[in-house]
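Let's take a walk through this fold, strand by strand and then pocket by pocket. Keep the viewer open and follow along.

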Amino acid sequence: MTEFLGTDGGQIADQVTGLTAAAEQVVAARPELVWDLVADITRVGGWSPECIRAAWLADPGRPQSGARFTGHNRFPNGFEYEVTCVVTEADRPRAFAWLVLDDSGDPARPSASWRYRIDPLPGGGSRVRQRFTHGPGTSYLRAAAAQAPDRAAEIIAARRDGLRANMTATLRAMKAAAESSHPTGAGPR
């Protein structure tokens, strides 16, 4: 896929690359349990409004640096697409992260990166932070913004807002799963 740039000489690319969205949630469960949930990519389809399923690309699939998986996503308008991802950080119980590869497959130029950071809280709970960062590789967002340069800022802002809303919904669903696993709150030590 080629890089999409607007007639503005690359301003759209600059607006998209580095775009971030973040959400956080306090969970009444130990960091180890929370990490096990967020690192189990096969469960994300039950929590996320956008990523409807994910699957490891090799057996046995497990969250470790270098492991690859596919994510199958669906936008509210019904458009569906699949991406290949590579795990970049699997530090139980602190962090889990991956890159979304663009069509070039070059990890140095990902379409996006995702990261969960899990911090322990007093009493056995956890603070979970999820972060998305766009680019610098190609993406649907970059293409959509380049195809409508007069509306690029609006398109980019709408995607950022949608990502935040989806991340918040995903974290809330994950929180419910974690807390229902251990109704006493922090779970066994």
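Start with strand β3 (residues 68–74): five of its seven residues are buried, so the strand is largely enclosed by the rest of the structure. Buried here means under 20% relative accessible area, exposed means over 50%, and partly exposed is in between, with a 1.4 Å probe and protein chains only. Strands are DSSP runs of E with at least two residues, helices are runs of H or I with at least four, and both are numbered from the N terminus. A word on the source: this is a predicted model, in which local features need pLDDT of at least 70 and side-chain atom pairs count only at pLDDT 80 or more, while totals for chains, interfaces and linings use all residues. Residues are numbered from 1 along each chain as its sequence is written, and side-chain values use heavy atoms, with hydrogens and water left out.

Who sits beside β3? On one side, strand β2 (residues 51–56) runs antiparallel to β3, joined by five bridges; two strands pair if DSSP finds at least two bridges between them. Here Cys 51 stands opposite Asn 73. β3 is also joined to strand β4 (residues 80–91), again antiparallel, by seven bridges, and Arg 74 has Glu 80 in β4 as its bridge partner. The β3–β4 hairpin has five residues between the strands, and Gly 78 takes a positive phi near 95° there.

While you're on β4, find Val 86, which belongs to that strand. Val 86 has a relative accessible area of 9%, so it counts as buried. Leaving aside neighbours within four places in sequence, Val 86 is in contact (heavy atoms within 4.5 Å) with Gly 66, Ala 67, Arg 68, Ala 97, Trp 98, Leu 99 and Leu 101.

Now the rings. A pair of aromatic rings is described by the distance of the centres and the angle of the planes. Rings of Phe, Tyr and Trp (its six-membered ring) pair if their centres lie within 6.5 Å; planes under 30 degrees apart are stacked, over 60 edge-to-face, and the rest tilted. The whole structure has 12 aromatic pairs. In one of them, Phe 75 and Tyr 81 have ring centres 5.4 Å apart and planes at 35°, so this pair is tilted. Tyr 81 is buried, at 10% relative accessibility. Phe 79 and Tyr 140 have their ring centres 5.4 Å apart and their planes at 80°, so that pair is edge-to-face. Because Phe 79 is in the loop between β3 and β4 and Tyr 140 is in helix α3 (residues 140–147), the pair ties together parts that are 61 residues apart in sequence. Phe 79 is partly exposed at 36% relative accessibility, and Tyr 140 is partly exposed too, at 44%. Elsewhere, ring pairs link Trp 35, Trp 56, Phe 69, Phe 96, Trp 98, Trp 114, Tyr 116 and Phe 132 into a cluster.

Some of those rings lead you on to the next strands. Strand β5 (residues 95–100) pairs antiparallel with strand β6 (residues 112–120) over six bridges, and Ala 97 has Arg 115 in β6 as its partner. β6 in turn pairs antiparallel with strand β7 (residues 126–134) over nine bridges, with Ile 118 bridged to Val 128.

Finally, the pockets. A pocket is an open set of points on a 1 Å grid over the protein atoms alone, where a 1.4 Å probe fits, with protein on both sides within 12 Å along at least five of seven lines; lining residues have an atom within 4 Å of a point. The largest pocket holds about 920 Å³ of space. Its lining has 44 residues, and Glu 50, Asn 73, Tyr 81, Trp 114 and Arg 159 lie nearest its centre. Helix α4 (residues 152–181) supplies the largest share of that lining, seven residues. The second largest pocket has a volume of about 190 Å³, the space filled by probe spheres set on the grid points, which are joined across faces, edges and corners. Among the residues lining this second pocket are Glu 50, Phe 75, Phe 79 and Arg 159, and α4 again gives the most, with three residues.
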